[in-house]
Amino acid sequence: MESPDPRNLVPPGRTAQFATFVAAVLAVAVLVSADGLASLATTLPELPAAFWTMAVLAVACDARPFLPPGRGQSSSAVFPSTCFTFAILLGWGLGPAVAVQAVAVVVSGVRMRHAPWRTAFNAGQYACSLAAAYAVTRWGPGGVFDGGALGGADIAAIGGAGIAWFVVNYGLVTAAVRLRFGERWWPNAWHGLPFELLSTGSLLLLAPVLVTAARASAALVPLVLVPLFAVYRMARLTVEQHQLAALDPLTGLPNRKALLAEVNEQVYRHAERAARGESGARLALLLIDLDRFKNVNDALGHAVGDRLLVEVSARLTDAVEPPQMVARLGGDEFAIVMTGLTNAGEARSLADQVVQALAEPVPLDGLPLDVGGSIGIALYPEHGEDFATLMRHADVAMYDAKHRNDTVAVYTAESDHNSPERLGLLADLRRVLEVGSPGRPGQGDAPADVPTVRGGDGAVLPASPPADERPGARWWSRRRRRPRAVDHDDELIARIVTGADPTLRRADRMDRADGSARPVGPTATSGAVAADTGAARQAEVWSAPTHSTDRSGPAPGGGQPDVAPPADGTEPAGDAGEIMMYYQPQIAIATGEVVGVEALLRWRHPRRGMVDPEELIRVAEQSAVMRLLTRRVVDDVVEQLAKWSAAGLGLRAAVNVSVRDLHTGEIADQIADRLARYGVAPDRLQLEITEGALMADPRRVLTTITRLHRIGVGIALDDFGTGYSSLQHLRRLPLVEVKVDRSFVLGMAEDTDDAAIVRSTIELAKALGLRVVAEGVEDERTWRMLHAAGCDAAQGWFYARPMPAEELVAWLARYRPLRPLGGHDEAEVPRRHAR
């Protein structure tokens with residue numbers, strides 16, 4: 001069944017005021033045209049053939065007006081009778097013009113199935129417009145076409161009459177739209193004004209020509225149909241141009257411009273529904289991104305890719321029923337606007353239908369192409385109240401679905417990693433790198449002979465400041481992933497949840513034991529380990545040993561990194577805060593000797609305090625700031641190694657690098673230059689890479705790693721076991737060390753699966769001749785288990801927390817090596833229980 005024309009309906013709640021407006025327009029129309037209509041009975045027989053010709057053409061043309069297509073209420077039809085009735089007004093007065101216009105309106109109303117009130121209103125609005133134009137002509141010299149040549153006053157009167165007709169007519173229509181559809185009358189009026197000026201203005205300008213021709217001969221009147229047809233075609237071409245500007249040329253679907261207009265219109269309508277308390281006041285924006293489309297383009301060419309997009313658009317159109325809109329945004333991205341929803345489940349149901357429609361392979365040239373898609377959903381008003389916000393949140397949800405290897409995801413704030421706060425954090429990071437930390441010359445203070453490096457996003461950093469202008473070392477890393485104790489408003493619930501999880505239970509015991517003590521060393525005061533391991537586990541002694549200075553900072557797993565604030569409580573200089581490097585010792589398990597350190601990044605922000613290192617790296621890796629940060633860190637760490645070497649400390653420093661750093665050979669050139677400049681042996685520096693970085697671009701990454709290996713820099717595989725193709729990397733890469741991820745080490749004392757993974761990793765690395773370092777060693781039992789498994793070195797809060805370079809030197813002076821005493825019973829290592 002065909003849905004009724006919305007123009008024939010008045011929204012609920014507006015009937016009384018709109019009916020009053022229509023009645024007022026009709027009353028004014030009757031009032032201003034009463035005299036002319038009353039005298040029509042006597043003047044009608046005297047009217048010439050030219051008048052009757054115009055009257056017939058006016059009614060005949062309005063029987064088939066031009067209807068421009070449009071989804072909104074702002075589009076209106078073009079009625080050619082305007083030309084003839086305005087000419088009749090100029091030539092024979094108000095009464096005949098109103099009468100002919102009324103007949104034409106009734107004919108067009110029947111033809112277009114207008115409601116009776118709408119036909120009456122149209123007749124009234126035209127009568128008022130003609131009356132206003134007639135009044136202007138009467139204010140002029142009068143009798144414009146009574147005979148003789150037209151003077152300047154006559155031309156001015158005709159122009160003024162046309163303007164008056166247009167202003168009154170368009171004003172009444174706009175007011176009616178305002179009363180029917182609410183507060184958005186001005187955008188609608190402004191949007192429709194250019195089209196009305198072009199079409200209606202052309203018809204009004206033809207009227208004086210038509211009257212002049214009629215004065216000469218009635219036979220000339222039909223000739224006006226030729227320019228009238230030109231006006232008709234001009235209006236159609238204008239509308240078609242607007243339509244083409246809102247369509248995707250490849251698929252014929254609405255494009256981003258049309259999607260923007262539709263979402264804005266639907267947001268307003270749904271806001272009105274919500275204000276009236278009606279159901280279906282939600283709408284959903286579904287963003288669809290095709291999977292593996294780039295592979296099709298690369299393998300088969302863009303022509304096949306275009307054909308695939310056309311087929312996908314056809315499937316989407318078949319899966320989505322009107323009045324929902326399907327649009328193509330560009331590339332392999334599509335969008336769906338779903339209106340009249342009551343909950344998110346309806347949007348998910350439509351998304352599932354789209355997934356099923358795309359699941360069937362697309363046959364092209366005899367080759368079935370498997371096309372899937374990831375869909376992100378954003379809902380109005382929960383996830384945004386305008387197009388830009390809904391679009392961004394749908395995009396976030398779509399990428400969330402891709403990362404989770406899912407097909408459909410609804411937006412959640414937790415998955416949004418591109419908030420304005422993070423953009424501000426990135427800007428502050430760029431500024432702190434450009435300005436420099438206290439004691440480091442900023443960009444403005446850099447000597448003229450010091451080269452600078454400009455990243456892709458404009459960040460500038462001195463490439464190699466002279467050694468005498470550089471302060472102590474700095475660098476980056478992950479924050480420790482110790483689970484935090486549960487903090488809940490309901491104390492009983494917090495105790496139940498903490499007691500049910502052994503890891504949380506252990507962290508809670510640590511926090512309650514001493515508000516400032518940290519597990520920074522083994523439970524021994526003389527360097528020897530207690531022989532009774534069972535008693536040691538039962539005692540759970542976490543006090544700091546005499547060789548450790550780590551007696552401050554937040555609890556493990558807390559919200560802030562393990563960095564103590566300045567003793568005087570002052571803020572660091574500079575608006576963006578201070579970047580600093582902390583170092584965590586790496587201990588040889590068998591001998592207790594300190595064999596190296598890992599450089600860890602810390603950033604004290606003036607407003608946010610200590611920034612979470614994980615968040616800092618996640619933000620930096622999305623831009624060229626990451627490369628600038630790495631350059632700064634490498635410079636600092638190499639300089640610090642030179643200072644330690646001069647002081648007689650032969651430590652090895654490990655530095656983390658991101659995938660951006662490995663995409664080019666720039667980092668290899670920089671490291672070779674810095675090692676030569678400071679006279680540091682290459683084996684004193686070690687780079688830690690993750691398996692995720694290897695998978696991003698294996699060829700370029702392998703090339704960079706090979707160059708670093710030839711220089712003599714050690715390469716360690718970080719977070720081993722959490723990435724992809726681990727065994728293949730161990731076999732192909734020039735590695736010297738494997739780091740067992742802390743996610744396994746933290747739980748190995750209580751989880752048999754974690755313990756088995758750690759033991760297997762150590763055995764595998766040993767068989768390949770690689771050094772093994774365990775990170776995240778938090779207690780004595782884990783330390784003993786790692787020694788029993790043959791692990792080479794370890795780092796973690798059991799030994800020491802990360803500390804600045806100055807504190808590390810003092811810590812090393814007081815440190816006494818911790819050596820395991822004798823072997824360990826195999827019963828100490830957890831075994832898998834039968835399942």
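I take a residue as buried when its relative accessible area is under 20%. The model I am reading is predicted.

**Entry 1. Helix α19**

I first looked up helix α19, residues 613-620. With that cut-off, 6 of its 8 residues are buried, so the helix is largely enclosed by the rest of the structure. I listed the buried residues of α19 as P613, E615, L616, I617, V619 and A620.

**Entry 2. Order of the sheet**

I next asked in what order the 5 strands of the open sheet stand. I read the order as β2-β3-β1-β6-β7, with mixed pairing. Which strands stand at the edges of the sheet? They are β2 (325-330) and β7; each has a single partner strand, so one side of each is left without a neighbour in the sheet. I noted that neighbouring strands of this sheet are turned by 20° against each other on average, with direction ignored.

**Entry 3. Strand β1 and its partners**

I then turned to strand β1, residues 282-291. I found this strand mostly covered, with 9 of its 10 residues buried. Towards strand β3 (residues 333-341), I recorded 7 bridges in an antiparallel arrangement. In that pairing L287 stands opposite A335 of β3.

I also traced the pairing of β1 with strand β6 (residues 372-380), which is antiparallel and runs over 9 bridges. L283 has Y380 of β6 as its bridge partner. L287 stands opposite G376 of β6. D289 stands opposite S374 of β6. I therefore have L287 placed opposite A335 in β3 and opposite G376 in β6, as the bridge pairing of strands through backbone hydrogen bonds can be either parallel or antiparallel.

**Entry 4. Strand β6**

How many of the 9 residues of β6 are buried? I counted 9 of the 9, so this strand is largely enclosed by the rest of the structure.

I followed β6 to strand β7 (residues 408-410), to which 3 bridges join it in the parallel sense. Here I found I377 opposite V410 of β7.

**Entry 5. Helices α12 and α13**

I looked up how helix α12 (residues 302-319) packs with helix α13 (residues 344-359). The angle is about 140° and the axes are 9 Å apart. Since only angles over 145 count as roughly antiparallel, this angle makes α12 oblique to α13. I recorded the crossing of α12 past α13 as right-handed.

Which residues make the contact? From α12 they are V312, R315, L316 and A319, and from α13 they are L350, Q353, V354, A357 and L358. I sorted the residues of this contact into 7 nonpolar, 1 polar and 1 charged.

Note on methods: Residues are numbered from 1 along each chain as its sequence is written. This is a predicted model: local features need pLDDT of at least 70, side-chain atom pairs count only at pLDDT 80 or more; totals for chains, interfaces and linings use all residues. Side-chain values use heavy atoms; hydrogens and water are left out. Axes are lines fitted to C-alpha atoms, for helices over the stretch in contact, and angles run from 0 to 180 degrees between N-to-C directions. Helices (H or I, at least four residues) and strands (E, at least two) are DSSP runs, numbered from the N terminus. Angles under 35 degrees count as roughly parallel, over 145 as roughly antiparallel, 65 to 115 as roughly perpendicular and the rest as oblique. A crossing is left-handed if the near helix is turned anticlockwise from the far one by less than a right angle, and right-handed if clockwise. Contact means heavy atoms within 4.5 Å. Ala, Val, Leu, Ile, Met, Phe, Trp, Tyr, Cys and Pro count as nonpolar, Asp, Glu, Lys and Arg as charged, and the others, Gly among them, as polar. Buried means under 20% relative accessible area, exposed over 50%, partly exposed in between (1.4 Å probe, protein chains only). Two strands pair if DSSP finds at least two bridges between them.
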